[in-house]
Each structure stands twice: as structure tokens, then as C-alpha cells.
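Let us read a protein model together, one feature at a time.

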Amino acid sequence: MPARKSCGLYMLCVIAAIAAVPTAAFTQTAGLGAAGELVDPDVLRVCADPSNMPFTDESGEGFENKLAELVAVKTGRKSVTYTWYPMATGFVRNTLRANRCDIIMGYAQGDELVQNTNAYYRSTYVMVFKKGSGLDGAEAIEDPRLAGKRLGIVAGTPPSASIAKANLMRNAKTYPLMVDTRSMPSMAEVMLKDLQNDVIDVAVLWGPMAGYYVKEINPDLVVVPLLKEKVSHMSYRITMGVRPSDQEWKRALNTVIRENQSEINRILLQYQVPLIDEAGNEIKE
């Protein structure tokens, strides 16, 4: 594996790239057709980062690991195997496109490196703060109660625009987007520990990471989905990524998603992933 910085907040990397650079819609042609598809019919071969909680890790504890097990059962696969590769430049090229696996479990809709299935969840950025810190009731970065507060933000992610618009960057602490989680903790974990230790007053980060690490660090922290922002787009649909040629495989996965959405939601909610429906409302169960 390459000794380079990887994106421990990989979904943030993908989302940041999509938010920053408008991309053309991915052209989904018939490709090679079912007869030419290279998908293993017996084993679900997954491309994943070995150290990227709460999404995936080598011990199988991430929610994408659990979702892979569900997909394997529902598509008649006997088992799940992994091609482990750090989420860094060249990830798709060296895994999915090299036919070393057949699926990436979590991929933001709209990225042109893969063919997307239908979205199987939609989540959002959130802000996190302590109860009784003077922020109870705040629902947006533009809320006047955040004036003078020390915000934590992952560099280059969509909430940065709202923070800048609200003139809050002066007191903001930025955390790197690209880290190597094989040798250092996730920036989400670092940020929330800083919040717990009063280094910052508010943490602003991708919801699935916030929910997981809040439970690990302090379940009493307040997590507020950013559903009322006027400056930045905060919610994103997450899909499974497959090769452009694998049209039948994509359709099979779309069927799994459609027929098992309740079970998918149940797994995600167990990890405190903030789920948002198409009307912009939170899904609680």
C-alpha cells in the first residue's frame, strides 16, 4: 500500500470535491452487458479502507461492513471478502477499476469515478455542542448565538462557506481533511475530543462521523443536523459504487436497496447516522 496521506474522512473528501467542482452526469451506457460483467457470482468482493471507522475497518465493525453482509445475503453470495486499500488518490483505479472487487459500499452520488446505484441513505453535516453552553436551540451556523464561539471545522468541507458568511472564521480552528488513519486518529475523533476538553465550543462535521464519535466520547453532547443553512448545501445522498460496465449488477443492487430500506435504516441508526428523507426531515426509526 502506498505510504501517503489518506482521507480518513473519505466521504468528506468526496463530498468536498463534488461541492467544489461541478461534474457532468455520469453516462450510464449498456457497457459490456450481463454476459461480459466481471462480478463474482458467489462472493461479495468489497473495496474498502482498513481503518476508516465508523464506515469500515479490518475487524468488520463499521456500518458499511454490516451493510455488506446484508447485501451478500440478499444477492445470494456465500461470503464477503475485502480488498483493503487506503482511501487515497488512486483508490478506485487500484481496486474497483482493476477488477479486484465489485463494489464500494459508500460513495457520494455524483462522483464520476464510479457508476452509482440508487442512494441507500441521505445524511447531512451537523454541529455539535455541550448542553447548557448557551447554544441550546441553535439550528444553523448563522444563528447569532454562535457569535464569538470557537468553531471546529474540517478544512475544505461545505460548512466552511456558511462559517465564512457568518464571519466566524476568525475564531475557527481548522482540522486537516487528509490524514492517514493507519497511524493517527480520525479528525472527527480529534475534533470532538477538543470539544469535550473545551478547546472549541462547537464542532461542525459530517453527520455519520459525528454520531458515532459522540456516542464514544460523550453521549450527552447535542447533535444538530444542519437542515436550515442558507449558504451551503449540507445534505448528500450516499450510494454504492460499481463499474460502468456492470449494469445488471447495478440493477440487482438497486433491487436490494428498494426491498430492504427499513433494514438498511435500522443498521445506520444503530450507529447514530443522521438520516434525512427527501422532504428534508429526520428519519428516527
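The dialogue below goes from the whole chain to single residues.

Q: What should I know before I start?

A: This is a predicted model, in which local features need pLDDT of at least 70 and side-chain atom pairs count only at pLDDT 80 or more, while totals for chains, interfaces and linings use all residues. Residues are numbered from 1 along each chain as its sequence is written, and side-chain values use heavy atoms, with hydrogens and water left out.

Q: How many helices and strands does the protein chain have?

A: Helices (H or I, at least four residues) and strands (E, at least two) are DSSP runs, numbered from the N terminus. The protein chain has 8 helices and 14 strands.

Q: What share of the residues is buried?

A: Buried means under 20% relative accessible area, exposed means over 50%, and partly exposed is in between (1.4 Å probe, protein chains only). Of the 285 residues in the protein chain, 54% are buried.

Q: Which residues of the largest nonpolar core touch the most other members?

A: A nonpolar core is a set of buried Ala, Val, Leu, Ile, Met, Phe, Trp, Tyr and Cys residues joined through side-chain atoms within 4.5 Å. The largest one has 70 residues, and those touching the most other members are Phe63, Met105, Tyr120, Tyr121, Met127, Val128 and Val204. Another core, of 10 residues, lies apart from it and includes Phe91 and Tyr107.

Q: How do I read contacts along the chain?

A: Contact means heavy atoms within 4.5 Å. Take the contacts between residues at least 6 apart in sequence: 74% of them join residues at least 24 apart.

Q: How do I describe two packed helices?

A: Two packed helices are described by the angle between their axes and the distance between the axes. Axes are lines fitted to C-alpha atoms, for helices over the stretch in contact, and angles run from 0 to 180 degrees between N-to-C directions. Here the axes of helix 2 (residues 63-74) and helix 8 come within 10 Å and cross at roughly 155°. Angles over 145 degrees count as roughly antiparallel, under 35 as roughly parallel, 65 to 115 as roughly perpendicular and the rest as oblique, and helix 2 is therefore roughly antiparallel to helix 8. The contact is made by Phe63, Lys66, Leu67 and Leu70 of helix 2, with Glu263, Ile264, Ile267 and Leu268 of helix 8.

Q: What about Asn265?

A: Asn265 lies in helix 8 and counts as buried, at 13% relative accessibility. Beyond neighbours within four places in sequence, Asn265 is in contact with Tyr120, Leu275 and Ile283.

Q: Where can I look at backbone angles?

A: The peptide bond from Met53 to Pro54 is cis, with omega near 10°, and Pro54 sits in the loop between strand 2 (51-52) and strand 3 (56-57). Asn167 has a positive phi of about 60° although it is not a glycine. Asn167 is in the loop between helix 4 (159-165) and strand 9 (173-175), and counts as exposed, at 68% relative accessibility.
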